[in-house]
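Let's take a walk through a protein model together. Have the sequence and the 3D view ready, and turn the view as you read.

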Amino acid sequence: MRAAAAHRRATHGRRRAAAGRAHRPLKAIVTTDTRSALNWLRKGAGARLLAELAAGDLAATHDALDAHPHRRAAHYLRQLLVANQVLPARDEALASTERFLAELLAGIDRDPDRRLMAAYATWRVLRRLRRTAERAAHPHTRHARLQITTAARFLDWLAARRTQLRDATQADIDDWLISIPSAHAVRDFLGWAREHRHCSRFIVPTPGRHPGPAITDEQRWALLARLLHDDDLELTDRVGGALLLLYGQQLSRITALTTEQLRRRGEQVFLRPGRDEITVPEPLAGLLTALARDGRRYVGVGSPATTWLFPGLLPGRPLTPARLGTRLRRLGVYAQPGRRTALTSLAAQLPAAVLADLLHLHPTTAVRWVHDAGGDWNRYAAQLIHTRDHQP
């Protein structure tokens with residue numbers, strides 16, 4: 001009897017604690033916008049989740065929300081709890097990839113292959129992804145998933161041929177490489193497997209690098225002129241597109257910018273996309289300042305104040321690169337062609353080290369861009385001397 005009573009008291013205590021934690025996001029929802037809050041609470045699974053949380057039937061933990069059957073509503077509620085500091089922040093892209101891996105491994109019924117996939121994905125792909133996540137707001141989870149999926153499909157393909165990885169030959173690899181469009185993504189897995197003596201050394205040619213489309217410099221300046229001077233366009237699109245076309249910034253880096261990276265000193269506006277600041281000319285400087293001051297403050301139910309320069313619909317999260325890309329395409333601004341032209345223009349004027357920091361490029365990539373554009377350090381140094389000598 002005593003044990004039962006203690007259990008009831010413990011359960012009641014946990015529910016009261018959960019209800020107390022739920023008051024903060026509930027208060028945020030109600031005080032943000034009453035009409036929107038009531039609409040959100042009346043419909044969908046979100047209201048049910050919040051009721052479960054307030055009653056103590058749903059634990060205010062990431063694990064509990066991960067396991068909830070209403071994933072979309074649970075994901076939004078999670079962001080609401082994180083934004084209001086009820087739950088600790090975590091890397092959602094990484095967590096989603098880990099859940100994806102767990103589901104994939106559960107579907108592999110061959111024990112040796114499942115263990116091999118678990119080791120490869122955990123110690124190679126996810127480990128690399130975690131290091132990337134420390135430096136970028138949007139780690140490349142899509143590429144990580146492609147590598148994991150391709151490795152699993154390759155092992156399935158070998159199993160269908162009644163061949164184990166340790167017995168595979170170069171002929172098997174050659175057959176595999178013509179089986180699916182993404183077959184070359186197995187290169188990373190085979191390199192890891194060779195390092196750990198799970199297979200022989202294989203030759204997997206690197207797919208031919210296609211430079212991709214580009215636009216002319218005249219087209220780039222025409223698009224920039226519209227973004228900078230057309231007041232009928234949304235401020236978010238104008239600034240995002242201008243940063244892409246003028247500075248060649250990646251969409252993932254643009255959406256990760258915060259108001260803290262923007263500074264005004266006197267009449268000049270500075271932006272710090274990397275380690276160093278860049279001086280932003282007018283009229284883009286004015287647009288950036290307006291975006292930081294008057295940008296989309298209310299972006300979702302229960303959203304607290306945010307420092308993101310491009311806040312998204314999820315509380316406390318920035319706009320996703322995919323969403324920004326969709327918005328810009330409606331204006332005729334395509335990320336890859338526009339960025340390539342901007343990179344070519346910048347590479348002809350900046351040294352590789354500066355270009356690498358400004359655009360978050362690998363030094364080798366930056367050197368290649370500078371070389372392809374015909375730029376070099378001597379011309380850059382000469383330009384600096386010319387500018388210094390002709391300053392008033």
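Before we look at any strands, one term is needed: two strands count as paired if DSSP finds at least two bridges between them. Keep in mind, too, that this is a predicted model.

Let's begin with the sheet. In general, strands of a sheet pair through backbone hydrogen bonds, either parallel or antiparallel. Here, three strands make an open sheet in the order S1-S2-S3, and the pairing is antiparallel. S1 and S3 are the edge strands, each pairing on one side only. On average, neighbouring strands of the sheet are turned by 35° against each other, direction ignored.

Now follow the chain through it. S1 (residues 262-265) and S2 (residues 268-271) pair over 4 bridges. You can check individual partners: Arg-264 has Val-269 in S2 as its bridge partner, and Arg-263 stands opposite Phe-270 in S2. On the way to S3 (residues 278-280), S2 pairs over 3 bridges, and the hairpin that joins S2 to S3 runs through 6 residues. Find Phe-270 again: in S3, Thr-279 stands opposite Phe-270.

Next, look at helix H15 (residues 321-329). Which of its residues are buried? They are Leu-324, Gly-325, Arg-327 and Leu-328. Seen down the axis of H15, these buried residues fall within an arc of 160°, so they line one face of the helix. Helix H12 (235-247) and helix H13 (251-255) are among the parts that cover the buried residues of H15.

Finally, let's go inside. In soluble globular proteins, nonpolar side chains tend to be buried together. The largest nonpolar core of this model has 35 residues, and those with the most contacts inside it are Met-117, Phe-154, Leu-165, Trp-176, Phe-189 and Leu-190. Helices H6, H7, H8, H9 and H10 each give two or more residues to this core, and the largest share, 8 residues, comes from H8. Zoom in on Phe-154: leaving aside residues up to four places away in sequence, Phe-154 touches Leu-165, Ile-173, Trp-176, Val-186, Phe-189 and Leu-190. A second, separate core has 31 residues, including Leu-233, Leu-243, Leu-262 and Leu-287.

Definitions and conventions
Residues numbered from 1 in each chain as written. Predicted model: local features only at pLDDT ≥ 70, side-chain atom pairs only at ≥ 80, totals over all residues. Heavy atoms only, no water. Buried < 20%, exposed > 50% of the residue type's maximum accessible area, 1.4 Å probe, protein only. Arc of directions from axis to C-beta. Contact = heavy atoms within 4.5 Å. Axes fitted to C-alpha atoms, helices over the stretch in contact; angles between N-to-C directions. Core = buried A, V, L, I, M, F, W, Y, C linked by side-chain atoms within 4.5 Å.
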